[in-house]
Amino acid sequence: MDPLSAWVSALAGPPEGMVMGLERMQAVMARLDLQARLPMSTILVAGTNGKGSTVATLEAIYAAAGYHTAAYTSPHLWRFEERLRLDGRVAKAELWQTHLWRVKDASAATPLTFFEISTLAAVLMIAAAAVDVAILEVGLGGRLDAVNAFTPDCSVVTTVDLDHQAWLGASRAAIGREKAGILRPQVPAVYGDLDPCPSVEAQARVLNAPLYRLGRDFRVDGHGGKRVWEGWGGVRLPLPPPRLCGEGQWTNIAVAWASVQLLQKRLPVPIQALAQGTERLRLPGRCQELRPWGPAGPILLADVAHNPQAIRQLAAFLAARKGGGRCHAVVGMLKDKDLAGNLTPLLPLVDAWHCVNINDTTRAATAGELIQVLQVLGVGSGTAHPGVPEAVDAARRGLGQGDCLLVFGSFHTVSQLPAAWLVEEG
């Protein structure tokens with residue numbers, strides 16, 4: 001655990017504890033004189049998958065248009081500081097420390113969770129930076145998430161699927177209601193699910209929140225690398241191919257573009273900035289293809305996918321690109337995830353399994369537990385490794401040009417890859 005994460009965990013009490021609700025946030029916000037409506041334009045982004053990519057796309061577009069930006073996301077890959085970017089640069093540890101102290105002093109009588117502390121410190125920094133637009137990613141759910149203590153000028157729900165059922169409900173409808181908790185009366189909202197959840201639309205109607213839905217109000221038209229964003233009013237704009245892999249990235253871009261269109265009166269963005277920002281997008285560990293071993297070695301595919309919907313998208317991408325090559329998979333997951341549901345879509349595509357222990361959280365499934373799940377699913381054997389470096393070293397043996405080494409299952413897993421491999425310049 002990096003130093004800032006350890007400090008915030010100590011401030012929050014028991015590591016990784018979660019208590020849902022906005023009462024604690026609102027009490028400490030009052031002591032900090034932090035208003036729910038921030039002085040800059042604010043976008044809240046919730047959803048089961050695609051949040052990070054959508055936030056990063058919005059951030060890049062507004063930066064290309066000349067605006068000062070803030071992007072708050074979670075979790076981080078390597079260092080706690082990554083959770084906040086100001087004008088595209090990771091906030092420095094010293095800045096975090098200054099504002100974490102402010103939160104600590106204001107919350108002495110109100111115990112806060114790890115995420116609440118992080119969110120309050122981040123928003124204090126955002127307010128001090130006087131940015132033009134703040135893009136805030138919801139951590140878990142929406143209705144009772146700490147980020148929802150702030151009032152949006154645009155709400156975004158990317159997708160709704162099964163994840164975190166213990167906190168959000170056992171059905172997609174229940175989870176949709178929680179995600180839709182970030183909607184506000186009369187505030188425009190974007191919903192990016194091609195299989196729309198009725199509970200999201202029902203909540204929008206109850207609140208009289210204008211809801212712009214993918215597939216109805218806007219869409220991506222075309223195939224391959226030549227596609228067009230179609231919006232309301234007959235608008236058609238050419239979409240540049242995403243730097244991130246996978247069909248789902250077209251959807252994330254479409255959602256971001258719809259959000260920008262809804263805020264045009266507040267934050268005008270020229271057409272060229274839409275394309276420039278999209279082309280500049282970088283986001284480590286999201287269906288990311290890399291060549292750390294050169295052109296004669298296998299492709300490394302790194303993906304933080306950790307729920308069945310994200311894994312299905314990963315499997316579809318892998319099936320489309322695999323061809324006749326082999327695929328060896330390195331997997332580590334948290335034990336509160338749907339292990340069998342996550343592994344099943346990849347079974348026909350993976351030739352050898354390497355299961356790893358995740359050592360930086362008590363929530364992790366062991367390599368042995370993952371191997372047991374694979375055996376129940378009919379996979380004859382898998383190999384256990386103490387960590388990702390050892391697994392990658394073993395998995396790449398015998399792989400060469402045209403083959404794929406997949407590392408997936410959790411932020412905790414992908415974070416064990418060298419940052420130099422995943423952080424792309426330019």
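Predicted model: local features only at pLDDT ≥ 70, side-chain atom pairs only at ≥ 80, totals over all residues.
Residues are numbered from 1 along each chain as its sequence is written, and side-chain values use heavy atoms, with hydrogens and water left out.

**View A. Salt bridge between Asp161 and Arg312.** A salt bridge is a side-chain nitrogen of Lys or Arg within 4 Å of a carboxyl oxygen of Asp or Glu; the search of the whole structure finds 19. For Asp161 and Arg312, the N to O distance is 3.5 Å. Asp161 sits in the loop between strand E6 (154-157) and helix H6 (165-168) and Arg312 in helix H11 (residues 308-322), so the bridge ties together parts that are 151 residues apart in sequence. Helices (H or I, at least four residues) and strands (E, at least two) are DSSP runs, numbered from the N terminus. Asp161 is buried at 12% relative accessibility, whereas Arg312 is partly exposed at 43%. Buried means under 20% relative accessible area, exposed over 50%, and partly exposed in between (1.4 Å probe, protein chains only).

**View B. Salt bridge between Glu230 and Arg219.** The side chains meet at 3.9 Å, N to O. Glu230 belongs to strand E10 (residues 226-230) and Arg219 to strand E9 (residues 219-223), 11 residues apart. Glu230 has a relative accessible area of 16% and is buried; Arg219, at 31%, is partly exposed.

**View C. Salt bridge between Arg326 and Asp403.** The closest N and O atoms are 2.6 Å apart. Arg326 lies in the loop between H11 and strand E14 (327-331), and Asp403 in the loop between helix H14 (388-395) and strand E17 (404-408); the two are 77 residues apart. Arg326 is partly exposed, with 38% relative accessibility, and Asp403 is buried, with a relative accessible area of 6%.

**View D. Salt-bridge network of Glu201, Arg213, Arg216 and Asp217.** These four residues, Glu201, Arg213, Arg216 and Asp217, are linked in a network of salt bridges.

**View E. Helix H3 (residues 51-64) and Gly66.** The expected span of a helix is 1.5 Å times one less than its number of residues. For the 14 residues of H3 this gives 20 Å, which agrees with the 20 Å between its end C-alpha atoms. H3 is mostly covered, with 13 of its 14 residues buried. Just after H3, Gly66 has a positive phi of about 95 degrees.
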